[in-house]
Amino acid sequence: MIDYDRLTPEMNETLNRIDRIRRYMNHEWFAPEHLLYSLLADSVAQATFVEAGVEIDVLEQRLLYLVGSKHKALSMPLADADDTNDGI
């Protein structure tokens, strides 16, 4: 069981973002693709992706395809999403 009190604020935000993405896409559970998509809003993770040679735009589009979203892009930047907003 996860002790949420021991998580960093950044980790809590990542978990909250994953849940918002899952709900926005009407998915009952989250998959690794939701986690990766959520990490695109994290500057440290994004820098790590870039350093590893990942093209962020390509990754975002492939993740959206993998999770079966019919949306061209999420309507709200993930970095600006707050915990009370059901939209992404």
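## The overall layout

In total, the secondary structure comes to four helices and zero strands. Keep in mind as you look around that this is a predicted model.

Of the 88 residues in the protein, 30% count as buried. The protein exposes about 6300 Å², and carbon and sulfur atoms supply 55% of that area. As for how the chain meets itself, take the contacts with a separation of 6 or more: residues 24 or more positions apart account for 47% of them.

## Where helix 1 meets helix 2

Let's begin with helix 1, which covers residues 9-24. Its axis and that of helix 2 come within 9 Å and cross at roughly 120 degrees. That makes helix 1 oblique to helix 2. The crossing of these two helices is right-handed.

Which residues make the contact? From helix 1 come T14, R17, I18, I21 and R22, and from helix 2 come H34, L35, Y37, S38 and L39. Sorted by class, the contact of helix 1 with helix 2 has five nonpolar, three polar and two charged residues.

## Two residues to look at in helix 1

R22 sits in helix 1. Is R22 buried or exposed? Its relative accessible area is 16%, under the 20% cut-off, so R22 counts as buried. Setting aside its neighbours within four places in sequence, R22 is in contact with H27, E28, W29, F30 and H34. H34 also turns up on the helix 2 side of the contact between helix 1 and helix 2.

N12 is another residue of helix 1. With a relative accessible area of 24%, N12 is partly exposed. If you again skip the neighbours within four places in sequence, N12 is in contact with Y4 and L7.

## Where helix 2 meets helix 4

Now follow helix 2, residues 32-39, over to helix 4, residues 56-66. The axes of these two helices come within 10 Å and cross at roughly 150 degrees. Why is the pair described as roughly antiparallel? The crossing angle is roughly 150 degrees, and angles over 145 count as roughly antiparallel, so helix 2 is roughly antiparallel to helix 4. This crossing is left-handed, whereas the one between helix 1 and helix 2 is right-handed.

On the helix 2 side, E33, L36 and Y37 do the meeting; on the helix 4 side, their partners are E60, L63, L64 and L66. By class, the residues of this contact divide into five nonpolar, no polar and two charged.

## A closer look at L36

L36 is found in helix 2. At 32% relative accessibility, L36 counts as partly exposed.

L36 and L59 are 23 residues apart in sequence, and their C-alpha atoms are 8.9 Å apart in space.

Note on methods:
Residues are numbered from 1 along each chain as its sequence is written. This is a predicted model: local features need pLDDT of at least 70, side-chain atom pairs count only at pLDDT 80 or more; totals for chains, interfaces and linings use all residues. Side-chain values use heavy atoms; hydrogens and water are left out. Axes are lines fitted to C-alpha atoms, for helices over the stretch in contact, and angles run from 0 to 180 degrees between N-to-C directions. Angles under 35 degrees count as roughly parallel, over 145 as roughly antiparallel, 65 to 115 as roughly perpendicular and the rest as oblique. A crossing is left-handed if the near helix is turned anticlockwise from the far one by less than a right angle, and right-handed if clockwise. Contact means heavy atoms within 4.5 Å. Ala, Val, Leu, Ile, Met, Phe, Trp, Tyr, Cys and Pro count as nonpolar, Asp, Glu, Lys and Arg as charged, and the others, Gly among them, as polar. Buried means under 20% relative accessible area, exposed over 50%, partly exposed in between (1.4 Å probe, protein chains only). Accessible areas come from the Shrake-Rupley method with a 1.4 Å probe; for residues, only the protein chains shown count as cover.
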